[in-house]
Amino acid sequence: MDFEEIGLVAGLEIHQQLDTACKLFCGCPTRIRPVEEHNGEFYRYLRATVSEMGTIDRAAEEEMKHIRRFRYLAYDSTCLVENDDEPPLPLNGEALEIALQISRSFGMTPIEQVHVMRKLVIDGSNTSGFQRTALVAVGGVLPNGGRVESICLEEEAAQRVEDACFSLDRLGIPLVEITTSPCLYTPEAVQETAAYIGMVLRSTGRVKRGIGTIRQDLNVSIRDGARVEIKGVQELDLLAEVVRREVRRQQELLAIRDELRSRRASVDEEPIEVTGLFRESGSAILKRAKVVLAVRLRGFAGLVGREIQPGRRFGSELSDYAKRCGVGGIFHTDELPAYGVTTEEVQALRAAVAAGEQDAVVIVAADSTKALCAIRQVIRRARLAFECVPEETRRMLEGGSSAYMRPLPGAARMYPETDVLSVTITPERWASVQAPELLVDRAERYVREYALSPATADQLVHSSMLPLFDRAVAAGVPPALAARTVLSTMKELSRDGVAIEAVGEEQVLAVLAGVRDGRAAKEAVPDLLQAIAGGATVEEALASLAPVVDPGDLRALVERVVQERISFVQERKMGALGPLMGVVMAEVRGSVDGKYLSELLRKALREALE
Amino acid sequence: MGLIPGDRVACTVGTTELSGTYITDRDGMHVVKLDSGYNIGVDPRRVILLERGRPAEQPDMDVVQDPSLPELAIISTGGTIASRIDYRTGAVTSQFTAADILRAIPGLAEIARFRTHVLATILSENMTPALWQEMARAVHDVIAEGVAGVIVTHGTDTMSYSAAALAFMLQSPVPVVFVGSQRSADRPSSDNVMNGICAAAAAVSELGEVTVVMHGTPSDDRCAIHRATRVRKLHTSRRDAFRSVESAPIGYVDYPSRTVSLADEAVRRGTRPLSLDDRLEPECGLLQFYPGMDPALIDVFSGYAGLVVAGTGLGHVSTACIERLGALVDAGTTVVMTSQCLYGRVCDRVYDTGRDLLAAGVIEGATMLPEVALVKLMCVLGRTRNRHEVVRLMQADMAGEILGRTPHGL
């Protein structure tokens, strides 16, 4: 597909959790907890508040269609700030420092006086009903010529456990939000840019790693389409596919629009109650429903069932809108008879709303308030189909398609956080902020300075073991040994069932220091780590596995081994080196460097043969 | 040319040009609300005026009140329960027409009709005994005019003082309900809606006394109805900060069902005739004793009509302080002893220091909370200076402040 031809424009919003000691506005640790460890819970309702213009934000209003009672789980690692029962503490200085470092990496300019705002979010994921966020820097550049518009420091939302239940351990963890300008014109460019930004973020060494710690939101539009925000893409590799699927969705919606216009289609103003038609229905949902409402979509036949993304039909879009009112979904005549609904019932339904063959009928079943709310949402979305692709916030579904969440929020959702003082970033403070060495640059340096292979260097800088490697090298451990230990040895031991996670960083460093000091051979590292994983102390492991051998003793040992096997040596000449190495290594039990030992043995052999 | 809040401006941050609305000045910076909604502080030299702002239109909303519902009066003293944030300056302002309140708490219109009266617009730490008197008169007047109940919106810091003051000054045949909110009204999670709804439900209920109605738990599940003379704010920030001390709440309002359940002890609607005695002696003090306190501090209160001491344990102060308190009493100051334990009864007949205090003329404050004893002392001294009468009144229960029996559960 020629994406330039269709006018694809995309931008990225990347949210990355920071690895700080404390949360953004309280002293709680930034630790995720298993849900079953919660030690308290409470219930709240949230309601949209009126903005300064006397209006309610359109995204917030949509959430209010279905008032829900939210349940929150608290832990011994959360406090009254997460409960929205205590004012926030001042903005976390460590988090601001990291945000400034990242700003420096992108060549941005910090805001002179940073103000914390409240962004209205009433889907339950914030106990307060808003997310605290502050604009920290603007005006960055990307290597491909695109721009980083802004960096914001935000508090992470609570994790949804299920439906209307949220876990408070994640609420308040600091995160940076990096927003690019709409400067990406192909799906591949989106994915590459996200990868680059991720690399810059990890270069600080102060961001969280693992599933869910980085999330990409996408803004996508095509010519004649609309800006659509797709939230929560967690896998980098899916980004390009998400873009491609959104492009297809917008193209299909435009095609449906043109078809509706040429068919002179229309949507009825008012729903018609058809509860009675389904009293004996084979569909349990329809039979049990207090109220069933129907609306005729004139000229829509075949279009409601038309696929617009893999696994998604235009009917899915109508259904998403209806679900905002708390109903489970909709039925429509493009997919009926099915689900227990008979041909006769479909005919009766068509008759009841005077629908012809060219028309589609959508029905919803629920109590009267929900059903009315839901059918009105269907009417609203069906009408939008004549005009345009609606501007929406959507959430990614497995595989890369997306479902409607709410309208794009307006400017009415942001107001000052009056409980937090502004922070001034003085020129002196900004001058002291250093950009971290980028991981790509660091990999090059490792090749240059440590003579590591490019592949090893690349693997190292993207490894979570990088800090351990750096500490080992700083302590004088040969880089190749440090790299092999953290990248291969530990992984292999783990694969072989050794409880390597029980070995702490300090212990790994102590083992490597033992090798550095000649107390053990590098060949002994796996055995030493295994012994420590099994419960031995570092000293015990070194003592039992790698007894210290005096250089004089060692020479004597080598000569003894050669003399004991002198006939074998005379027979094989220097070819005896390999087999005798095994014998000598077994005697010293790995306490001596193999290369050194092999030199000694070679010399002893030569002397014996002379 | 100076900027006026609301002006359209352009500003530069580094090489980035941004546009927005001028809000205010903060610490030498111009605060600009960017079009994205974010506020930033910018050096004034980098901000230029684009266009004069137009004053924001005040949205008006017609509120329809149902004439078939009972009428309640809302008397506002400046609590944040119906406050609204000025988005341009970030300041919180109290809004107080009936329409404002019904807009802030939409469910109210289903419970009653409302008339409103703004008594003050102050933070409750600025409350004064003179305002308690005005409050009592205002509440008395609307009850005399026939409302079914009164809601007093109040900052939470000193709400229990005001509620106690009204309980001593006013006998009411209808509910008088104090209510406030712990979390600001501009936030979607504010407790103002649930507290307001529950207060209105209590105000149309079968209650007939002065109460405080606030969150009963950290959840949005029910409000507790507290007797005005037994309630205390026991937490700085939690929603359920208000607790009845040494007694259970006299009722609950479930939310969102609005079901009111009253304990047997709750005074019922119509039990007492309407009467007001708003006399008050404001020259009274409250002093918390602590180990090593300089006895000379007591002299600060010389010339006062009354002094409540929050003593230790059963109601004690150091031996060195007793003599000074005796001198105060001799000079005509009424001194009442309460306990900083808050729970339990004052008894100055057990230890020597206690007996010495009684000999010095200090009155035992029984089970009264220190601040409730203070408010009561103001009322009593406003009515009489007869020593015997003062002692009798301070030790007799007037409005539930003195428990006849001390409950055995803590």
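**A loop serine and the chain interface**

In this predicted model, a polar atom of the side chain of B:Ser181 lies 3.4 Å from the backbone oxygen of B:Arg183. B:Ser181 belongs to the loop that runs between β12 (176–179) and α4 (192–203) of chain B, where helices (H or I, at least four residues) and strands (E, at least two) are DSSP runs numbered from the N terminus. With a relative accessible area of 8%, B:Ser181 is buried, a term that stands for under 20% relative accessible area with a 1.4 Å probe, protein chains only.

Turning to the interface, 42 residues of chain B are in contact with 50 residues of chain A, contact being heavy atoms within 4.5 Å. Between them the chains bury about 3900 Å², 55% of it on carbon and sulfur atoms; this buried area is the accessible area (1.4 Å probe) that two parts lose on being put together, summed over both.

There are 6 salt bridges between chain B and chain A, each defined by a side-chain nitrogen of Lys or Arg within 4 Å of a carboxyl oxygen of Asp or Glu. B:Arg187 and A:Asp84 join their side chains in a salt bridge, at 2.5 Å from N to O.

Strand β5 (residues 113–114) of chain A pairs with β4(B) in the antiparallel sense over 2 bridges, pairing requiring that DSSP finds at least two bridges between the strands. There, A:Val114 has B:Ile40 as its bridge partner.

Residues are numbered from 1 along each chain as its sequence is written, and chains are lettered from A and ligands numbered from 1 in the order in which they are written. Local features need pLDDT of at least 70, side-chain atom pairs count only at pLDDT 80 or more, and totals for chains, interfaces and linings use all residues, while side-chain values use heavy atoms, with hydrogens and water left out.

Note on methods
Buried < 20%, exposed > 50% of the residue type's maximum accessible area, 1.4 Å probe, protein only. Polar contact = N/O pair within 3.5 Å; in protein donor to acceptor, adjacent residues only side chain to side chain.
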